[in-house]
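Please look over the sequence and the model shown here before reading on.

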Amino acid sequence: ANRESWSWREDDFSKARRSLERKPLSIERTKGSEILFGIAPCSLALSQSRRDLFRLFLKENSGSRRLVMSEFVLQATARGVPVHHVKRRELDALCRGQVHQGVCLEATPLRFKSLEEAEKPDLGDEESPNRQLIWLVLEQIQDPMNLGALLRSAYFLGVDRVVTSQRNSCPLTPTVSKASSGAMEVFDVYSTDDLRGFLKAKTAEGWEVVGTVSQPEDVENVPVISCLEFQWNKPVIIVIGSEGDGLSLETQLLCHRMLAIPPGRALHPGIESLNVSVATGILLHSICSQKLKHGD
C-alpha cells in the first residue's frame with residue numbers, strides 16, 4: 001500500500017511539474033501598449049521614431065537566427081530599449097500564437113493620421129497638377145490581412161498616399177503590420193470621417209477619381225473600362241471597396257470612371273472575382289507603370 005501511495009504521489013508531482021512547464025510566465029504589459037511581432041515589423045519599428053518603445057523580447061537559443069537576433073540587440077541598445085531573452089512559449093503567449101519568428105516588441109500603437117495633418121505648405125510642389133500623383137483610397141476594408149497586403153503593395157509600387165474611411169475600417173494593428181511586412185512602420189496612413197466630401201474636394205482640385213469593380217454589369221451611370229486601357233495625365237485617386245460589397249453606390253457615383261480587371265479565361269460561377277488585395281496589386285501595377293514610363 002505504501003508503495004502504491006508513493007508511486008501515486010510521484011506521478012502527481014511529475015504531472016504538476018509538466019503543467020508548470022507548459023504554462024507561460026505572465027509578462028505584465030505596459031499600460032496602453034501593444035505587442036508587435038515578426039522580424040520585419042519589429043526591426044522597422046526600432047529603426048523609425050514613430051512609436052514609443054518599451055521592451056524587446058527575443059527567443060533564447062535562437063539557433064539559425066543568431067545573427068538576426070544580435071542585430072536586434074544592437075538596434076535596441078542604440079534606442080535604449082531593454083532586451084529580454086525568453087522561451088518560445090513566452091513569445092507565443094505575448095502575441096497570442098501568431099507567427100513571431102522569435103521576436104516581439106512592446107510599443108505604443110500607431111494611429112491613422114488626419115488629412116488636416118497632411119496639408120502642409122511644403123507639399124506645394126507635390127500638389128502641382130502636372131505631377132503624376134497616385135493616392136489609394138480604401139472604403140471599409142475590415143480584414144487586417146487584406147489591409148496589410150494593400151499597404152505592402154501600395155508602398156512597393158509607389159503610391160503617394162493611402163487614405164481610409166474611418167467607418168467600418170480595420171485599425172492599424174500588429175497583425176496589419178506583420179501582413180504589410182513592416183510597410184506600415186514606414187508609410188503614413190491617413191483617415192477621413194467624410195470620404196465623399198474628401199472625394200468631391202479632390203475632384204474640384206482637378207483630380208480624377210477612379211473606382212474599381214469586379215462585375216462591370218453591376219455598374220450604372222459610370223463608364224467601365226479595362227485597367228489595360230486606362231490612361232491618365234493628371235493626379236488620380238484609386239478607390240477600393242470593401243471585401244464583400246465593393247464600393248458603396250454613393251461612392252461609385254463620385255467616380256469619373258470604373259476599372260475592371262479582364263479575366264484570362266471563362267470563369268466558373270463562384271470564382272469570378274479576386275481577393276481585394278490581389279486585385280489592387282494588379283490595378284496599381286498597371287497604373288503605376290505608366291507613371292514610371294512618363295517619368296523617363
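## Buried cysteines

A residue is called buried when its relative accessible area is under 20%, and exposed when that area is over 50%. The model discussed here is a predicted one, and in it Cys 288 has a relative accessible area of 3%, so this cysteine counts as buried. Cys 170, with a relative accessible area of 7%, is likewise buried because its value falls under the 20% limit.

A disulfide is a covalent bond that joins the sulfur atoms of two cysteines. The structure holds 0 disulfides.

## Strands that pair with E12

Strand E12, which covers residues 257-260, takes part in two pairings that can be followed in the model. With strand E9, residues 208-212, strand E12 pairs in the parallel sense over 3 bridges, and Gly 211 stands opposite Met 258 of E12.

Strand E10, made of residues 224-226, also pairs with E12 in the parallel sense, again over 3 bridges. Here Ser 226 is the residue that stands opposite Ala 260 of E12.

## The largest pocket

How much space lies in the largest pocket? The volume comes to about 810 Å³, and of the 34 residues that line this pocket, those closest to its centre are Val 213, Ser 214, Gln 215, Ser 273 and Leu 274. Strand E12 (257-260) and helix H10 (276-295) are the elements that give two or more residues to this lining, and the largest share, 4 residues, comes from H10.

Sorted by class, the lining of the largest pocket holds 16 nonpolar, 13 polar and 5 charged residues.

## The second largest pocket

The second largest pocket has a volume of about 190 Å³. Its lining is formed by Arg 29, Glu 34, Ile 35, Phe 37, Leu 94, Cys 95, Arg 96, Gln 98, Pro 174 and Thr 175, and these residues divide into 5 nonpolar, 2 polar and 3 charged.

Which elements supply at least two residues each to the lining of the second largest pocket? They are strand E1, residues 34-37, and helix H7, residues 174-179, and it is E1 that gives the largest share, with 3 residues.

Notes:
Residues are numbered from 1 along each chain as its sequence is written. This is a predicted model: local features need pLDDT of at least 70, side-chain atom pairs count only at pLDDT 80 or more; totals for chains, interfaces and linings use all residues. Side-chain values use heavy atoms; hydrogens and water are left out. On a 1 Å grid over the protein atoms alone, a cavity is a set of points where a 1.4 Å probe fits but cannot get out, and a pocket is an open set with protein on both sides within 12 Å along at least five of seven lines; lining residues have an atom within 4 Å of a point. Grid points are joined across faces, edges and corners, and a volume is the space filled by probe spheres set on the points. Ala, Val, Leu, Ile, Met, Phe, Trp, Tyr, Cys and Pro count as nonpolar, Asp, Glu, Lys and Arg as charged, and the others, Gly among them, as polar. Two strands pair if DSSP finds at least two bridges between them. A disulfide is a pair of cysteine sulfur atoms within 2.5 Å. Buried means under 20% relative accessible area, exposed over 50%, partly exposed in between (1.4 Å probe, protein chains only).
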